[in-house]
Amino acid sequence: MINILVTLDKIHVSGHANIAPEGFDIVCAAVSALTLTLIRGLKYIAFMELYESVEKGNICIKWQTLNDTGKALIDTWFLGICGIAAEYSGINFIQQ
């Protein structure tokens, strides 16, 4: 299961969808691609300072200040994640 935690100052994505064997899981690939693209967008489009940790099965993004462009990018990322969750099981949203 992929666990996604979104708070006011961070996003944490961890786990695996286990839809297919490792390396062939399209849900994991899609979530990873969206999240890694979000990091690049926050850094190079929104010009935000981030703490990022990217490891196999675990991505954490933290920020101190969220600007309007960053919020729009995060909202767009979230729409993509929700679309994936609607099509496939294996994504768990953690509310905090």
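A disulfide is a covalent bond between the sulfur atoms of two cysteines. In the present case, which is a predicted model, a search of the whole structure finds zero disulfides.

The reason lies in the separation of the cysteines. The closest cysteine sulfur to that of Cys 28 belongs to Cys 82 and is 17 Å away, too far for a bond, because a disulfide requires the two sulfur atoms to be within 2.5 Å. Cys 82 is likewise in no disulfide, its nearest cysteine sulfur being that of Cys 28. Cys 28 is buried, with a relative accessible area of 14%, whereas Cys 82 is partly exposed at 30%.

The structure holds one aromatic pair. Its members are Trp 77 and Phe 78, whose rings lie 6.4 Å apart, centre to centre, with 45° between the planes, an arrangement that counts as tilted. Within this pair, Trp 77 is buried at 3% relative accessibility, while Phe 78 is partly exposed at 34%.

On the surface, Ile 19, Ile 26 and Tyr 88 form a nonpolar patch with about 270 Å² of accessible area together. Tyr 88 is located in the loop between helix H2 (68-87) and strand S5 (91-94), and this tyrosine is partly exposed, with a relative accessible area of 36%.

The accessibility values of the residues discussed are listed below.

| Residue | Relative accessible area | Class |
|---|---|---|
| Cys 28 | 14% | buried |
| Trp 77 | 3% | buried |
| Phe 78 | 34% | partly exposed |
| Cys 82 | 30% | partly exposed |
| Tyr 88 | 36% | partly exposed |

How values were computed. Residues are numbered from 1 along each chain as its sequence is written. This is a predicted model: local features need pLDDT of at least 70, side-chain atom pairs count only at pLDDT 80 or more; totals for chains, interfaces and linings use all residues. Side-chain values use heavy atoms; hydrogens and water are left out. Rings of Phe, Tyr and Trp (its six-membered ring) pair if their centres lie within 6.5 Å; planes under 30 degrees apart count as stacked, over 60 as edge-to-face and the rest as tilted. Buried means under 20% relative accessible area, exposed over 50%, partly exposed in between (1.4 Å probe, protein chains only). Patches are made of residues with over 30% relative accessible area and no salt bridge: like charges are joined within 9 Å, nonpolar side chains (Val, Leu, Ile, Met, Phe, Trp, Tyr) within 5 Å. Accessible areas come from the Shrake-Rupley method with a 1.4 Å probe; for residues, only the protein chains shown count as cover. A salt bridge is a side-chain nitrogen of Lys or Arg within 4 Å of a carboxyl oxygen of Asp or Glu. Helices (H or I, at least four residues) and strands (E, at least two) are DSSP runs, numbered from the N terminus.
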